[in-house]
Amino acid sequence: MSRLIVVSNRVSAPKDPAAGSAGGLAMALSAALRKYEGLWFGWSGETVEHFTGELNIEDRAGVAVATVDLEPQDVDEYYNGYANKTLWPLFHHRIDLTAYERSYGEGYERTNRRFAEVLQPLLQPDDVIWIHDYHMIPMARDLRRLGVKNRIGFFLHTPWPARQLLVTLPHHRRLVESMFDFDLLGFQTREWLGLFQRYVEVEAGGKVRADGRVEAFGRSVQTGAFPIGIDVDGFLAARDSPLGRRTYDRMSASAAFRSMIVGVDRLDYSKGLEQRLLGYEQFLEDNPQLRSEVFLLQVTPISRDEVDTYQDMRVRLEALAGRVNGAYADMDWQPIRYLNRTFRRDQLAGIYRAAKAGLVTPLRDGMNLVAKEYVAAQDPEDPGVLILSRFAGAAEQMGEALLVNPFSREELSEAIQKALTMPREERIRKWKALMKVVRDTDVARWRDDYVQALMAASQSKEGSH
């Protein structure tokens, strides 16, 4: 059987699979590599004065990991620069925050070449290469230039931007053209896939065939939507673990007969955190009779704190949470508990289970696995209600959630009120439908569907390189 070579910017295979945080990518890829023998390759997160390409190889909970250190200039231009100040905001429709600097693009190209040069000697002829996310869009092109003829697939975990926004990116055409060196391009939803195909049709004069194959630049590539899921059985085991149960008991006791609403998101402007707090503030204003009966637990681990935009947002969120608490708190009640820390996966499962409503309200999100984890954590006899942004990729699958426009504080307020007062029979009906989606589209389905599609796509593209 062919080896699976997973490539991503950061190699985050957890040493303890039960101790994952809110991010779902590490758990998903670790599950894939435990089924298919192979290797996870990427940046170590460390820097060296001069790039040598020296590999660090280790075993993490049954996953073989190979990492390489980068130079500080690589990190500044490739990671902090082009990936997080250019592509990330652009792909999330925030061109007001997008930085277009030539040095960032040059560092992005250089670092992708370096990754390709380090990975190429590790490859065996039958290896299947699965490259992940916006950090490494040109990497297949760089591997092809080194003579690599292996099957290479790409999966984008973020949204793909609308054509009218993508064309604001200098050299956008060159970036998209490099994607035609892959055998398969995978997107989270049909919407993101459709935006990519539309760009190719309009900007590159390409064609989209009925089977999803896209033709442009004198080449073709297979495309498809592959919605990512969670490791359902693993998550349920974490929920039912001793620490998961203790956390549930602690949160239930801490609620003191109040209804807890939970939000779990890393600090990022795409997550709609400011809009969420404003919507919750509106709920408190609209429902004075419920004020002392409810509280919001917002768990927001800090991320990318070396980027000015994130530092500014952290200050604004702390001020907003403080303002709401100052305006509405009583001697024995605080409406918002705002935490900047990371919890273990089993702790999060216990927190989710104790919450009467889950607020997952990003302004734009590729999928959002917190929505699926929240559903999986619920008590089937007395489940909480998922409030979900219609702009999250998960909304395409999870129509039984309360879908909201996160830009509307009134809509958020009304959804919170509806969730907290929903009859148990309706909550159970919605939960059963949502749990079926979570089960039917779990990480194993995502993994197998993608790998099988990559095998088929490479056969139809044989001889094109």
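**Figure 1. Pairing of β14 with β15 in the predicted model.** Ala 357 has Val 385 of β15 as its bridge partner. The two strands, β14 (residues 357-360) and β15 (residues 385-389), pair in the parallel sense, with 4 bridges between them.

**Figure 2. The open sheet of 6 strands.** The strand order is β13-β12-β11-β14-β15-β16, and the pairing is parallel. β13 (336-339) and β16 (402-404) stand at the edges; each has a single partner strand, so one side of each is left without a neighbour in the sheet. From one strand to the next, the twist averages 20°.

**Figure 3. Helices α13 and α14 on the sheet.** Helix α13 packs on the sheet, where it touches β11 (259-264), β14 and β15. The direction of α13 makes about 170° with that of β15. Helix α14 (residues 409-421) lies across β11, β12 (294-299), β14, β15 and β16. Relative to β16, α14 runs at about 170°.

**Figure 4. Crossing of α13 and α15.** The axes of α13 (residues 369-377) and α15 (residues 424-440) come within 9 Å and cross at roughly 120°. That angle makes α13 oblique to α15. The crossing is left-handed.

**Figure 5. Residues at the contact of α13 with α15.** From α13, Lys 372, Val 375 and Ala 376 take part; they meet Trp 431, Leu 434, Met 435 and Val 438 of α15. By class, the contact has 6 nonpolar residues, 1 charged residue and no polar residues.

Terms used: Residues are numbered from 1 along each chain as its sequence is written. This is a predicted model: local features need pLDDT of at least 70, side-chain atom pairs count only at pLDDT 80 or more; totals for chains, interfaces and linings use all residues. Side-chain values use heavy atoms; hydrogens and water are left out. Axes are lines fitted to C-alpha atoms, for helices over the stretch in contact, and angles run from 0 to 180 degrees between N-to-C directions. Angles under 35 degrees count as roughly parallel, over 145 as roughly antiparallel, 65 to 115 as roughly perpendicular and the rest as oblique. A crossing is left-handed if the near helix is turned anticlockwise from the far one by less than a right angle, and right-handed if clockwise. Contact means heavy atoms within 4.5 Å. Ala, Val, Leu, Ile, Met, Phe, Trp, Tyr, Cys and Pro count as nonpolar, Asp, Glu, Lys and Arg as charged, and the others, Gly among them, as polar. Two strands pair if DSSP finds at least two bridges between them.
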